[in-house]
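Hi,

Here is the structure I promised to pass on. Have a look at it first, then read my notes below.

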Amino acid sequence: MNAFTYIACSTLDRALEALDAPDGGRVLAGGTDLLLELRRPGRPAPSRIVDIGPIRGLRGITIRNGEIHIGPLTTHADMASSEILATHSRLLSTAAAAIGSPQIRNRGTIGGNIMNAAACADTVPPLCALEARLTLASSRGTRQFPITQFFKEPYATFARPDEVLTQISFPLPPPTERGAFIKLGRRNAVSISRLSVAAIIALDPAGVITRAVIVPGAAFPAWQRVEEAEASLLGRKAGTALFAAAGRIVAETMVRQTGRRWSTEYKEPVLAVLVRRALEACCAPGTAKGQER
Amino acid sequence: VYGANIAEVDVDTETGRTSVVDFVSVHDVGQAINRGGVLGQFYGGVAMGLGYGLLEDFEIEDGIPKQLNFDEYLIPTALDVPRVRAIIVENPDPAGPYGAKCIGEPANELAAPAIVNAIFNATGKRITELPATLERVLLGHALSRQGLRGSLRKEQEHPIEASCKLGPAQR
């Protein structure tokens with residue numbers, strides 16, 4: 001690990017000032033990604049690390065004006081135990097609870113999960129499904145992104161190096177909507193998503209689907225809703241055969257976008273299955289398991 | 001020395017995900033000198049054998065190991081190891097110290113075969129190469145990728161696979 005300047009910031013203004021420098025800097029939140037990166041041999045080391053951990057007001061989950069707001073320093077453990085998320089967007093707290101181990105969930109933050117932008121970042125598919133909006137700040141002002149327009153490809157976002165993520169917001173989901181998050185890993189903890197699916201379904205009293213959202217994780221070059229599959233569900237009665245067909249559309253879409261790769265033989269059939277299961281879990285929330293075991 | 005292991009597994013036939021849900025381990029240890037120590041060998045042996053059977057993949061390409069870190073070389077966590085019902089059979093051996101035989105190696109050796117036999121019992125498919133990964137159980141064969149792996153792969157490979165193998169979100 002090379003030498004760098006460490007700047008602990010107790011206010012956002014101080015952090016933005018520290019990042020507004022020609023030699024740039026890297027933002028440190030929980031450190032569960034950044035510290036590994038710093039230790040990796042042969043990587044150009046950042047000259048300064050700007051620690052936003054001490055900033056007050058960037059951590060916590062609140063409801064204001066019909067929206068849920070999450071501070072970027074909110075840890076995965078905070079989200080996993082949040083009453084607000086458990087009540088209104090359980091797919092997000094389920095995803096947070098499926099990350100790593102207790103130690104990692106106590107350190108790692110939702111902001112870090114988004115900004116690091118690994119394809120297997122477990123909180124991102126639910127946030128895309130919830131139509132989250134990201135607020136970024138720099139010394140030049142703030143700007144907002146719909147989360148699905150924030151990622152270029154794995155590990156690359158449209159954030160500038162001088163920007164700090166300051167808020168994650170999404171509309172309070174109506175009570176008629178049911179969400180689910182399903183993750184497939186190789187073991188039961190400290191497990192990297194091989195594939196995941198976030199889904200939201202709204203049914204009318206007759207059991208007809210009025211809204212459908214499907215966002216796979218670790219499948220596409222950048223997270224996206226699979227609109228063709230979503231459209232195939234609208235106006236139809238919820239059921240296993242319908243959900244299986246939607247799953248096949250998602251898998252076909254993945255293959256069309258990524259091409260046939262070494263992992264496609266496995267991922268193509270399994271993604272279709274996970275989509276079907278996520279949609280089924282939406283319709284049976286009492287029995288929905290958050291994680292494939 | 002004689003021993004037997006019995007594994008009960010759940011196999012998700014749509015994803016290949018295999019979980020060991022119950023386990024019986026029986027060994028003739030000769031005279032058990034320290035009962036707690038003997039049981040520790042039973043439990044540790046099963047946990048290690050479960051890793052051998054389901055998770056621990058070690059490949060060498062041109063003399064270079066492909067798995068370079070514990071992000072790729074997966075060992076079982078506490079949540080992956082089931083209850084182990086240990087049955088000690090005491091059959092003292094006059095040639096052994098205080099009548100003891102052994103329990104280090106045997107405790108480990110039988111677990112992986114028991115697990116893959118249980119997979120066969122559940123699915124009718126024979127796993128002939130370890131570990132019984134998602135791909136081997138679902139497809140009947142492993143999938144191999146080319147190029148650098150583990151911590152070196154981030155910049156070198158396809159971005160989806162690379163970022164997921166590194167798994168920063170999980171650390």
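This is a predicted model: local features need pLDDT of at least 70, side-chain atom pairs count only at pLDDT 80 or more; totals for chains, interfaces and linings use all residues.

Just after α3(B) comes B:Gly124, with a positive phi of about 80 degrees.

Which residues of α3(B) are buried? They are B:Ala111, B:Ala112, B:Ala114, B:Ile115, B:Val116, B:Ala118 and B:Ile119. These buried residues pack against β1, β2, α1, α2 and α4 of chain B.

Next, the sheet in chain B. Three strands form an open sheet in the order β1-β2-β5, with mixed pairing. β1 and β5 of chain B are at the edges with a single partner strand each, so one side of each has no neighbour in the sheet. On average, neighbouring strands here are turned by 10 degrees against each other, direction ignored. β2(B) and β5(B) pair in the parallel sense over seven bridges, and B:Val26 stands opposite B:Ile87 in β5(B). α3(B) packs on this sheet, touching β1 and β2 of chain B, and its direction makes about 45 degrees with that of β1(B).

Over in chain A, look at the largest nonpolar core, which has 36 residues. A:Ile114 is one of those that touch the most other members. Among the residues A:Ile114 touches are A:Leu127, A:Ile147, A:Phe151 and A:Ile168. Apart from this core lies another, of 35 residues, including A:Met254 and A:Val270.

Happy browsing!

Technical notes
Residues are numbered from 1 along each chain as its sequence is written. Chains are lettered from A and ligands numbered from 1 in the order in which they are written. Side-chain values use heavy atoms; hydrogens and water are left out. Buried means under 20% relative accessible area, exposed over 50%, partly exposed in between (1.4 Å probe, protein chains only). Helices (H or I, at least four residues) and strands (E, at least two) are DSSP runs, numbered from the N terminus. Contact means heavy atoms within 4.5 Å. A nonpolar core is a set of buried Ala, Val, Leu, Ile, Met, Phe, Trp, Tyr and Cys residues joined through side-chain atoms within 4.5 Å. Two strands pair if DSSP finds at least two bridges between them. Axes are lines fitted to C-alpha atoms, for helices over the stretch in contact, and angles run from 0 to 180 degrees between N-to-C directions. Lists of a residue's contacts leave out its neighbours within four places in sequence.
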